[in-house]
Amino acid sequence: MLSTPITKNLDYDKVYEPSEDSFYLLDCFEEEKEYLEAKFKDRVPVITEIGTGSGIVTTFILQNIVHDGIYISTDVNPNACKSVLETVQYNCPTAAHLVDSTQMDLTSAIRQHTIDLLVFNPPYVPASEVPEIPASDEDATWLDLALLGGEDGMIVTWKVLNNLEHILSSDGVAYILFCARNKPDSVADLMRQRGWNVDVIINKKAGWEVLSILRFVRS
Ligand SMILES: C[S@@+](CC[C@H](N)C(=O)[O-])C[C@H]1O[C@@H](n2cnc3c(N)ncnc32)[C@H](O)[C@@H]1O
């Protein structure tokens, strides 16, 4: 059993609090440890978590899976960008210099074809629309942005999937979380038709919801 990072002194009115979805991502990376260690044994990978929130997932990967990666984390929420650095510093002070965090939309400020390991626990809850980015750092609607994913809860996730071939390096891998209402089986079929190998790494109940984590690599 790998250790779970401690998230301390974060303001959960402004940053997504680690929840079952976050913990399923930790389970996913525990399961994928050997695969990722083998994949990156001869090089230093670039690792990007989109939407770090508290930073629990990025910190877990740094602490337990990839100790010598280049971590470029992103979130639209500036409070999350600060939180990931605090969580890394608290749990892995000697490796904290490996992690940078930048406020951006998805991976928009990262050069194409550079990311070797992409992680995204998106706003996946179906809603009438994806909220606007708040005008102020203090705005309470940051948490809506963490959750609400527009039609089928898939508006934000599709932006990543439709651009995945440009986001990932030539042998990059992406792990993306879905709820059942996102129709992950149909998403997987469509991505396979586009030339991706898609595997279900996690499929578990979370209350009344079923969450899945899919792994995408080029065929
Ligand atoms: C469900 S939370 C996940 C937080 C964290 N990764 C975890 O698993 O606990 C989704 C995160 O994505 C961020 N987010 C939403 N839309 C985004 C976008 N367009 N670009 C970057 N981050 C985004 C939110 O601010 C939030 O921190």
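This is a predicted model: local features need pLDDT of at least 70, side-chain atom pairs count only at pLDDT 80 or more; totals for chains, interfaces and linings use all residues.

Residues are numbered from 1 along each chain as its sequence is written, and side-chain values use heavy atoms, with hydrogens and water left out.

**Stop 1: strand β1**

Select β1, residues 46–50. Element names here follow DSSP runs, numbered from the N terminus: helices are H or I with at least four residues, strands are E with at least two. Five of the five residues of β1 are buried, so the strand is largely enclosed by the rest of the structure. (Buried means under 20% relative accessible area, exposed over 50%, and partly exposed in between, using a 1.4 Å probe and protein chains only.)

Now show the side chains. In a regular strand they alternate between the two faces of the sheet. Here Val 46, Thr 48 and Ile 50 point one way from β1, Ile 47 and Glu 49 point the other way, and all are buried.

**Stop 2: the neighbours of β1**

Which strands flank your selection? β1 runs parallel to β2, joined by three bridges, and also pairs in the parallel sense with β4, over four bridges. (Two strands pair if DSSP finds at least two bridges between them.) Click Ile 47 to see both sides: Tyr 71 stands opposite Ile 47 in β2, while Leu 117 is the bridge partner of Ile 47 in β4.

Keep going to β2 (residues 70–75), which is joined to β3 by five bridges, again in parallel. Pick Thr 74 and you'll find Thr 102 of β3 opposite.

**Stop 3**

**Stop 4: aromatic pairs**

How many aromatic pairs does the structure hold? Two. (Rings of Phe, Tyr and Trp, the last by its six-membered ring, pair if their centres lie within 6.5 Å; planes under 30 degrees apart count as stacked, over 60 as edge-to-face and the rest as tilted.)

Select Phe 29 and Tyr 175: their rings sit edge-to-face, 4.9 Å centre to centre, with 65° between the planes. Phe 29 is in helix α1 and Tyr 175 in strand β5 (residues 168–179), so this pair ties together parts that are 146 residues apart in sequence. Both Phe 29 and Tyr 175 are buried.

Next, select Phe 178 and Phe 216. Their ring centres are 6.5 Å apart and their planes at 50°, so the pair is tilted. Phe 178 lies in β5 and Phe 216 in β7 (residues 209–218), so parts 38 residues apart in sequence are tied together. Phe 178 is buried, at 0% relative accessibility, and Phe 216 is buried at 0% too.

Arg 215 lies over the face of Tyr 35, at 4.3 Å from the ring centre. (The cut-off: NZ of Lys or CZ of Arg within 6 Å of the ring centre and within 35 degrees of the ring normal.)

**Stop 5: the pocket**

The largest pocket has a volume of about 570 Å³. (On a 1 Å grid over the protein atoms alone, a pocket is an open set of points where a 1.4 Å probe fits, with protein on both sides within 12 Å along at least five of seven lines; lining residues have an atom within 4 Å of a point. The volume is the space filled by probe spheres set on the points, which are joined across faces, edges and corners.)

Of the 41 lining residues, select the closest to the centre: Gly 51, Asp 75, Pro 123, Leu 145 and Ala 146. Helix α4 gives the most to the lining, with four residues.

Stay on Ala 146, which is in α4. Ala 146 is partly exposed, with a relative accessible area of 26%.

**Last stop: positive phi**

Select Asn 9, in the segment before α1. Asn 9 has a positive phi of about 55° although it is not a glycine, and it is exposed at 73% relative accessibility. Then jump to His 113, in the loop between β3 and β4. His 113 also isn't a glycine, and its phi is positive, near 65°; this residue is partly exposed, at 45%.
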